[in-house]
Every structure is written in C-alpha cells, then in structure tokens.
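Visitor: Could you walk me through this one?
Guide: Gladly, here it is.
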Amino acid sequence: MKRNAVAVGLLVAGFALPAAAQVSGNVVKIGVLNDQSGVYADYGGKWSVEAAKMAVEDFGGKVLGAPIEIVNADHQNKPDIGSNIARQWFDVDGVDVITELTTSSVALAVQALAAEKHKVTITSGAVTADLTGKACSPTGFHWAFDTHALAVGTGGALVDQGGDTWFFLTADYAFGYSLEDQTTKFVTSKGGKVLGSVRHPLNTTDFSSFLLQAQASGAKVVGLANAGLDTANAIKQAAEFGIVAGGQKLAGLLFTLAEVHGLGLEAAQGLVLTEDFYW
C-alpha cells in the first residue's frame with residue numbers, strides 16, 4: 001500500500017517534466033488494478049486505491065494544469081480479466097498508466113499488453129523477478145522487491161544458520177514458481193538441498209495435507225512460497241500441527257511484519273521472514 005502511494009507520487013511528478021508536456025484528453029488518468037476481493041485484498045486492495053488518492057491530493061491534484069484522476073478495478077487474480085480491464089482502460093477510457101498489479105500472473109500479462117500499446121505500467125504489488133528479467137519491458141517499471149531479493153534474504157540467512165534442507169509449499173502460479181526457483185538456486189549454491197515441494201491452489205483454506213508432507217520430509221526448513229492469506233493460513237495450521245515445536249523452521253518467503261501482528265505471537269512463533277520496509 002505504501003509502495004503504491006510512493007509510485008503514484010513519482011509518476012505524477014514525472015508528468016510534470018518538460019518531456020511529458022502533452023497530456024491526452026486534458027486529464028491524467030492513473031489506473032490502480034489489483035485484488036480487491038480475494039487472497040491479496042488485505043495486502044493492497046481498496047486501501048491501495050485510497051493511498052493513491054492521498055498521493056494525488058498531496059501532489060496538488062493537478063499536473064501541467066490538468067486534473068489527475070484515479071480509476072480502479074478488481075482483477076480477481078485472473079490474468080484474462082486483468083488484461084481485458086487494461087485493454088478497456090487503454091483503448092477506450094484514456095488511462096495513461098496502470099499501477100500496483102498485485103499477482104504476478106496478472107502483472108506479467110498487463111505489462112506485455114502495455115508494451116504493445118506503448119503504455120506505462122508501474123508494478124508495486126507483484127514480485128516475480130521475471131518482470132525485469134525474461135519478460136522485461138521498456139515501458140514497465142517494478143517498484144518493489146522481487147523473488148530474487150526474497151530468496152537471498154530469507155534463504156541465505158537460514159542456510160547460514162544451519163537450515164540446509166528445505167521443503168517448499170508453493171502457490172501454483174507464476175509468483176510461486178519464481179519464488180521457489182530463486183530460493184532453490186540460492187540454497188543449493190550454498191551447499192543446501194531441497195528434499196521436495198508441493199503446489200497448492202491460490203486461495204487455499206486447508207493446508208493439512210501439504211503440511212503433513214512437509215513434516216514427513218524431515219526438512220529443517222519449510223519454505224512458504226506463497227503470500228497473503230495463503231501464507232497466514234499455512235502458518236496458523238503449521239502451529240496447530242506443531243511443526244515449529246517439532247524442530248522445523250518456517251520461512252515466510254513473502255510475509256510482512258504487519259501480517260505478523262495480525263497473526264499474533266503464538267501462531268508466528270519461530271517464523272523467519274525478510275521485510276523490505278517498516279513504519
């Protein structure tokens with residue numbers, strides 16, 4: 001949410017530069033496209049929309065004499081829905097730039113569409129390293145940490161502390177694959193081993209079968225290559241299964257301190273995570 005407000009602030013400042021002196025339609029339209037009803041709604045959702053509006057208000061509400069307008073939509077974590085909304089915004093509604101783009105599969109699809117149409121995207125809600133790697137775009141900007149940074153931070157710290165065998169619980173889409181892959185590469189480069197992994201659907205409520213596999217693997221570290229409510233639910237249920245109490249460590253590969261406060265100390269006991277900022 002805070003990242004999205006900063007990204008919007010930088011964007012409207014950019015419109016004020018001489019090179020951006022032409023404003024189409026006499027209004028600068030910024031689209032906030034994110035998950036407002038699903039597993040990542042608490043990560044950004046309607047709160048990111050409000051943060052973007054606050055950033056515009058702080059900037060003065062205008063750039064080059066033109067008003068700044070925030071529009072928003074819920075992509076429901078589906079790339080086809082996100083792409084259709086983005087196409088409508090670009091082709092019909094005169095949206096100049098799309099930001100946030102929670103969910104990596106949606107971000108990748110919309111960034112590719114924006115590149116075709118010579119439009120700008122600023123991704124602050126998705127973290128796959130592919131956004132600036134194999135899917136890099138000349139009009140796409142990634143204003144966030146990425147899966148490589150998360151893998152190096154949490155993976156590196158745990159291997160250095162003796163956590164040299166891993167089992168992954170991975171969200172079954174682009175973000176989860178990227179996070180597992182990046183962490184695996186880093187763990188193995190430091191002499192560690194991955195004993196196994198299991199993929200779960202987005203927005204899973206029952207992690208019992210996945211956690212039992214992780215527990216049975218005997219891995220020293222259970223890596224949670226997921227985010228949002230999926231991670232929170234997995235951590236809560238891991239506590240019920242006594243995974244940390246039994247000697248395994250939980251690695252929240254994308255989890256925030258704000259979410260830790262929401263879980264409570266008992267459920268989050270023994271959790272290791274990397275935080276990019278805190279306020």
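Guide: What follows covers confidence, then the sheet, then the cavities.
Guide: This is a predicted model, in which local features need pLDDT of at least 70 and side-chain atom pairs count only at pLDDT 80 or more, while totals for chains, interfaces and linings use all residues. Residues are numbered from 1 along each chain as its sequence is written, and side-chain values use heavy atoms, with hydrogens and water left out.

Visitor: What does the protein average in pLDDT?
Guide: The average is 91, and 91% of the residues score at least 70, pLDDT being the predictor's confidence in each residue, from 0 to 100. Over residues 16-21, however, the pLDDT is below 50.

Visitor: In what order do the six strands of the open sheet run?
Guide: The order is β2-β3-β1-β4-β5-β6, with mixed pairing; strands are DSSP runs (E, at least two residues) numbered from the N terminus, and two of them pair if DSSP finds at least two bridges between them.

Visitor: Which strands stand at the edges?
Guide: β2 (62-63) and β6 (140-142) do, each having a single partner strand, so one side of each is left without a neighbour in the sheet.

Visitor: And how do β1 and β3 pair?
Guide: Strand β1 (residues 28-34) and strand β3 (residues 66-74) are parallel over seven bridges, and Gly31 has Val71 in β3 as its bridge partner.

Visitor: New topic: how many cavities of 30 Å³ or more are there?
Guide: There are two, a cavity being a set of points on a 1 Å grid over the protein atoms alone where a 1.4 Å probe fits but cannot get out.

Visitor: What volume has the largest cavity?
Guide: The largest cavity has about 80 Å³, counted as the space filled by probe spheres set on the points, which are joined across faces, edges and corners.

Key. 1 Å grid on protein atoms, 1.4 Å probe; cavity = no way out; pocket = protein on both sides within 12 Å on 5 of 7 lines; lining within 4 Å. Contact = heavy atoms within 4.5 Å. Helix = DSSP H or I, 4+ residues; strand = E, 2+ residues; numbered from the N terminus.
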